[in-house]
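Me: I would like to learn how to read a structural model feature by feature, with the general idea first and the particular case after it. Could we work through one together?

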Amino acid sequence: MPADTAAESLARLAAERVDHRFKGLPPDADGLTVGELAAQRRNLFTGGFATPVLALSAERLEHNLRLMETYAARHGLAFAPHGKTSMAPQLFQRQIEHGAWGITLAVPHQVRVARAFGTRRVFLANELVDAAALRWISAELDADPDFRFICYVDSVRGVELMDAALRGAARPVDVVIELAAGEGARTGVRTEAQCAAVADAVAATRTLRLVGVAGYEGEVPEADPERVTAWLRRLVALAADFDKAGRFAGLDEIVVSAGGSAWFDAVAEVFAEIPELSRPVLKLLRSGAYVSHDDGHYRKLTPFNRVPEEGALEPAFRLWAQVVSRPSAEQAFVNAGKRDAAYDLDLPFAQAIRRDGAERPATGVSVTALSDQHAWLSTTPEADLEVGDWVGLGLSHPCTSFDKWQLIPVAEADGTVVDYVRTFF
């Protein structure tokens, strides 16, 4: 897709009409375009927004984008953040503007979304064996010489299925061998000998081109720094062995890729050790959760806890809900539940209370359970909580926070809403 068409596609998001599809937005905004509503710069707390409403911090979002741009550049890494986290083309574009090589995705639908909004480089962190999807990818490659697409292969059978679906394609599909993170891990080829067999199968086709090796260190069983580092060194050694065997002849560059959101410091360290190969190496990091970070899972796991001198990510999400019941001194209920908040890794965290325009810490308030449309709150004697109060909740796991909201206000620290992020799940 040409750059001007991509810009036009993103601009069309601002022309979308606000209506009942988008929860939390002001009811009196119905009929306005998203752009018109953003131009009003309404306040999240006084501008008619209805609870529950999820908001992104404008300042923290920008901070996280800049931090990972700087980190990748400092360590000589190309960066293809995983787009499944947000599935928000506006954020894809901002990530690319902040130095990203391209966007990582997981399934064909996500690639279609990215291409609809002009993403030029896609790394698909999955083996793709769906014939209809492969034919569509092939047509995209044939129609756009600037489109770069790379995906995993992890079996001879997968290579055979891909080859059958791609017969007649003008451009081969670039593939990387996925090295499994260990026995009992998720996908990927288990042994180096099997990797060689898959590589041989690729070489026997005209429809596929082997361009490197990749994997996901987050699946290393009983992961710790030693085990993760050992697996990453296996991945680097595999690339070196393939190169020595001449498997990358004719390429402009060799792709070596890894990197989730928990061990990118180990990836940076080991990828710095990659020996000189016959071609330049594209050291591709794929961490995605950084864009919003969180108040739970990734707050605990982020590598910046181990390397604080490199900076710190900031949680950019807050879900605002309202107290709708206070049946006892020990219990309260707010009007946000499983339909609104991530809960697969941790329950939400009560962080702030707003009443009459004043905000204070949610002292003595904790979330103990979620129903479909309610959060159960436990309150201690020091909790000052009344029906009607707004409660700000921190969330754990960005990937299952974004997917519950189609249009997310982006608010500055004083509550001024300056933009709206559209998601496509």
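Me: Is Arg 355 buried, partly exposed or exposed?

Reply: The general idea is that buried means under 20% relative accessible area and exposed over 50%, with partly exposed in between, using a 1.4 Å probe and protein chains only. Arg 355 has a relative accessible area of 22%, and therefore counts as partly exposed. Before we go on, note that this is a predicted model, in which local features need pLDDT of at least 70 and side-chain atom pairs count only at pLDDT 80 or more, whereas totals for chains, interfaces and linings use all residues. Residues are numbered from 1 along each chain as its sequence is written, and side-chain values use heavy atoms, with hydrogens and water left out.

Me: With which residue does Asp 384 form a salt bridge, and how far apart are the closest N and O atoms?

Reply: Side chains of opposite charge can pair when their charged atoms come close. The rule applied here asks for a side-chain nitrogen of Lys or Arg within 4 Å of a carboxyl oxygen of Asp or Glu. Asp 384 meets that rule with Arg 355, the closest N and O atoms being 3.1 Å apart. Asp 384 lies in the loop between strand E15 (375–379) and strand E16 (390–394), while Arg 355 belongs to strand E12 (residues 349–355), so the pair ties together parts that are 29 residues apart in sequence. As for the labels, helices (H or I, at least four residues) and strands (E, at least two) are DSSP runs, numbered from the N terminus. Asp 384, at 36% relative accessibility, counts as partly exposed.

Me: Which residues are linked with Arg 355 and Asp 384 in a network of salt bridges?

Reply: The network links Arg 355, Arg 360, Asp 384, Glu 386 and Asp 389. By the same rule, the count comes to 34 salt bridges.

Me: Which parts of the chain does the pair of Glu 273 and Arg 233 link?

Reply: The side chains of Glu 273 and Arg 233 meet in a salt bridge at 2.8 Å, N to O. This pair links distant parts of the chain, 40 residues apart, with Glu 273 in the loop between helix H10 (264–271) and strand E9 (281–285) and Arg 233 in helix H9 (residues 225–244). Glu 273 is partly exposed at 39% relative accessibility, and Arg 233 is partly exposed with a relative accessible area of 39%.

Me: Is Asp 295 buried or exposed?

Reply: Asp 295 counts as buried, at 10% relative accessibility. Its side chain meets that of Arg 299 in a salt bridge at 2.7 Å, N to O, and Arg 299 is partly exposed, with a relative accessible area of 41%.

Me: How many bridges join E10 to strand E11, and in which sense do they run?

Reply: Two strands pair if DSSP finds at least two bridges between them. Three bridges join E10 to strand E11 (residues 331–334), and the two run antiparallel. E10 and E11 form a hairpin with two residues between them, in which Ser 328 has Gln 331 as its bridge partner and Ser 325 stands opposite Phe 333.

Me: Which other strands pair with E10?

Reply: Strand E1 (residues 53–57) pairs with strand E10 (residues 317–328) in the antiparallel sense over four bridges, and there Ala 55 has Arg 318 as its bridge partner. E10 also pairs with E16 in the antiparallel sense over four bridges, with Ala 321 opposite Val 391.

Me: How much space lies in the largest pocket, and which residues are the closest to its centre?

Reply: On a 1 Å grid over the protein atoms alone, a pocket is an open set of points where a 1.4 Å probe fits, with protein on both sides within 12 Å along at least five of seven lines, and lining residues have an atom within 4 Å of a point. Grid points are joined across faces, edges and corners, and a volume is the space filled by probe spheres set on the points. The largest pocket holds about 630 Å³ of space. Of the 31 residues that line the largest pocket, Lys 84, Arg 186, Tyr 216, Gly 218 and Gly 260 are the closest to its centre. Helix H11 gives the most to this lining, with three residues.
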